[in-house]
There are 4 protein chains.
Amino acid sequence: MSSFQRIGLIVKQPALQQEETLSILVQLLEERGLETLLDESAADYARQLGIKPTPRDELTQSCDLVIVVGGDGTFLNAARSLADHEVPVLGINLGRLGFLVDVSPEEIPQQLGRVFNGDFIEEERKLLKTEIHRNDEIIGSFYAMNDVTLHVRDVVRMIEFETSIDGQYVNIQRADGLVVCTPTGSTAYALSGGGPILHPTLDAIALVPICPHTLSNRPLVVAGDSEISIRMCGNNRSSGQVAFDGQDNMDLLDEDQILIREHPTPIRLIHPQGYDYYHILRAKLRWSEQP
Amino acid sequence: MSSFQRIGLIVKQPALQQEETLSILVQLLEERGLETLLDESAADYARQLGIKPTPRDELTQSCDLVIVVGGDGTFLNAARSLADHEVPVLGINLGRLGFLVDVSPEEIPQQLGRVFNGDFIEEERKLLKTEIHRNDEIIGSFYAMNDVTLHVRDVVRMIEFETSIDGQYVNIQRADGLVVCTPTGSTAYALSGGGPILHPTLDAIALVPICPHTLSNRPLVVAGDSEISIRMCGNNRSSGQVAFDGQDNMDLLDEDQILIREHPTPIRLIHPQGYDYYHILRAKLRWSEQP
Amino acid sequence: MSSFQRIGLIVKQPALQQEETLSILVQLLEERGLETLLDESAADYARQLGIKPTPRDELTQSCDLVIVVGGDGTFLNAARSLADHEVPVLGINLGRLGFLVDVSPEEIPQQLGRVFNGDFIEEERKLLKTEIHRNDEIIGSFYAMNDVTLHVRDVVRMIEFETSIDGQYVNIQRADGLVVCTPTGSTAYALSGGGPILHPTLDAIALVPICPHTLSNRPLVVAGDSEISIRMCGNNRSSGQVAFDGQDNMDLLDEDQILIREHPTPIRLIHPQGYDYYHILRAKLRWSEQP
Amino acid sequence: MSSFQRIGLIVKQPALQQEETLSILVQLLEERGLETLLDESAADYARQLGIKPTPRDELTQSCDLVIVVGGDGTFLNAARSLADHEVPVLGINLGRLGFLVDVSPEEIPQQLGRVFNGDFIEEERKLLKTEIHRNDEIIGSFYAMNDVTLHVRDVVRMIEFETSIDGQYVNIQRADGLVVCTPTGSTAYALSGGGPILHPTLDAIALVPICPHTLSNRPLVVAGDSEISIRMCGNNRSSGQVAFDGQDNMDLLDEDQILIREHPTPIRLIHPQGYDYYHILRAKLRWSEQP
């Protein structure tokens, strides 16, 4: 018997473009006698069914499983809204395998059947919590499941910033930016910036400089419970911007401080049995099975 | 006897901060009986001497040598304004060796003395000319001595663009951007992006992708007379920006085309005898003399 | 009418494994009334046909076209033996596209038909000539079409060596080695070592350090007519080895000097019409047509 | 009062070259009334003092502190011999700061005085234990504090090998080699190969491919308790070699398997108060204090 009774669906917009996948899913949930809540991201599809969509806040509080239908981007957005709840989440892709959305549409009946029978893998993924400090005030607070990216706002200059970890001064560097990522985020933007792949079970955070002026400013990997502080230096004529999972963002001023720690509650990922991280890695990075 | 009679001075602003260096220079030129024109960048210093500064246009047309006092950035700015004249240019740094400003203040009397005696090295450096096309119209035309940098405008997304060289399709890539640089520019921003060092005498242009999504999108070096075309793809929700030597820049729209060719007239660099490119490279990249 | 009358065939060994491809080829040449010489690399196949194979020396002197059947490695080996002759060479792969062997077996009749009708592209590729000097004597002389690779012989230590270009001191570095490559070789071993892609028409040579101790020791690209000198330092307890196209090699002692220049006669590559370098690049580097 | 009563000295050979540093050290230990054992690496110095050197085995069993005088290489050698004992170890450099030998000769009296007063920092560093399997037999067993490096033996070819982690297949790759390193080793050879910097307190192991043929084969960081298996593929005409801290090594045959796990007992590093990892990092990587 499944422990999941009330299922929330969060969907890549416009949801009607995913109508076919959603129909298979909704029918399966019905047959199983499970209650389905359609998130506001599925408003257009809900309207067609004559159902009222559920606001995200309500959905994340009342569900005991969230299913995301979309790409990794849709998943990241959903995950951040689950940060303060302990609802597990499962990802269905739209035909193209993702790191987080690892169930393909054609596998829905079989794979979800097994999940609802209690036959699944649960995995914890680190979430970062960031506070932006300005003049001793917290002016913003954000979650990120992939990465917190400090970046120059105006492309024609580098920014200068000072990094400290657990109160210890690391360096001042000039660069286009710095990606602070979780293991989940290590295969996203940080990889393009030259960062290493961190296995999802590794309790670590990586700092990957983007186009650093000093060539020996290399990616640095620190323990997962580190507190990372980045302070904008005072001489950045064009100042920076900070982005969260490449989705939310905020402009910075000189002397602003970005404080990053892991969030106490991780994201609970649900995979069907047979989940194989390295298989996804090989597929996404186009590693030959046989070179 | 020197072939240089009328010398223009272009200075990093505010020029009064470089007063000491400028005084040594102006006095030397006077003693030599050479005519000195102060560029408008030296307006504050000129005012103090009771001289009228010369507009840049006039200066570049009437001088037979331009001396730049400042950093490599000041030099690049000066060089672009010399693009359509064949005036040689010499760079004096403000105490910190540059790739282009290779005479240090304390060496001015000796080194410039020799230059005015006709004892110098002249070197040609490639200049790029870029046209921006929109809907079959040229909407902008720019020079660059270091690099033409296409970059995403909004940091939270990559841009997608198509590159062709001499009419041949190369690839479509998703990245933060692309640096198209001369050998001179290969040790500037392109190096931070993972590009190779191109010796200044090499007749080549490098294309260095910035944080490319596909990890095998590596720097590409092509012949110096290549015509490089970059077309913004039509699906960039946040479009790009293009910068010239990191100084001028212009916003782009989807489907805009950037067309880059070498300018027919190179920049004529004047170095004192003993100029040694590899010496500057070792100093700037902090290569040990003995590891 | 074709200008090629006497065709030499050089084959990846054992040639009998390529019997099917060779038969198609030999038959086509016969039908065309062209004379075919089988290289000693095809000795087993020649024996089966009851023909005497031609020694390589004789073959390269008497043919007016050499066809190589194999992979890029077979082609490189053949090309080096053509260094002092001006015989053009064409490459047929064994089912897997190569940078140099760009005609696939199933295309033989059509593509070679056109080539023999005079409808082809001829391209020149740079060849490097290396002399090894020890105590003022030349102790070895080698050709390379891809690369000259200096490498530590015993993997547990780095080597130290001094590089000069055109008589100018560049640096002393400690590394696993250094790859000196032609544009042709830039997509081979040098690429794995972090080097740039050099377009085949670029008149350049690249120096790519392998695992350099100093992180700012980056790939350097110099003009194609540069003379590159690498001197083994005197303190290498385990000395180096130098390899040519990864095929020939020679052990080095401390103080040995490697002198590399371009060979005056380039290799003449024959491609069928429609040859497209970037197409091969996209295929080999697995660049998506649409990311 | 110090808890250290019997101190072993291990020295870079020939020890007599470090006579001055050793004399200061021996005198300090005498004044403190501590017993000093001179390792066989200091045999020449011991002879001069008329003392009998102590065999390494005996020394590591009977000391309660080992002091290493030399470079990081000397320290690694000493540390491996301490693998099965729980003796703490402290490093004195010979004038050039190392990652492991962080006390400079001139600081000996002050810093060691404080250490012997019980005023020090103790830090645990991971040690790797490797078994080499051939035909179901263990043919070798080695320790490494920095890294286990698989490398091609003959430089002119790549090797092919299959990696699994905790029994899960990761990939088959062709490369010059693979470095498996601890956080301590991440700033040694692995860094030259493009690996990330791992903070010493991170419980992780990194796998850094050396010159991989597939450009997306990037460094991978896994949890510190992972079991890493590397199997030589069966088609390596020139087979591999495996090295431990770049000091011990062993030749491999096709189908040999390298099995790497962390050793249950870590190395106990003793630092004087004020030890600052990032300070050493900045010094060794030549990061500017102010760019």
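Contact here means heavy atoms within 4.5 Å. The model is predicted: local features need pLDDT of at least 70, side-chain atom pairs count only at pLDDT 80 or more, and totals for chains, interfaces and linings use all residues. Residues are numbered from 1 along each chain as its sequence is written, chains are lettered from A and ligands numbered from 1 in the order in which they are written, and side-chain values use heavy atoms, with hydrogens and water left out.

Q: How many residues of domain 2 of chain A are in contact with domain 1 of chain A?
A: Chain A is divided into domain 1 (6-126 + 266-285) and domain 2 (128-262), with bounds from an automatic or database domain assignment. Domain 1 of chain A contributes 19 residues to the contact, and domain 2 of chain A contributes 22.

Q: Which residue does A:K126 meet in a salt bridge?
A: A salt bridge is a side-chain nitrogen of Lys or Arg within 4 Å of a carboxyl oxygen of Asp or Glu. The count between domain 1 and domain 2 of chain A is four salt bridges. The side chain of A:K126 pairs at 2.6 Å, N to O, with that of A:D203.

Q: How many salt bridges does the rule find across the interface of chain A and chain B?
A: In this interface, 25 residues of chain A are in contact with 25 residues of chain B. The two chains bury about 1800 Å² between them, with 60% of it on carbon and sulfur atoms. For salt bridges between chain A and chain B, the count is zero.

Q: Which element gives the largest share of the side of chain A that touches chain B?
A: Helices (H or I, at least four residues) and strands (E, at least two) are DSSP runs, numbered from the N terminus. On the side of chain A that touches chain B, at least two residues each come from β8 (147-152), α6 (189-192), β16 (240-244) and β17 (248-251) of chain A. The largest share, three residues, comes from α6(A).

Notes
Buried area = accessible area lost by both parts, 1.4 Å probe.
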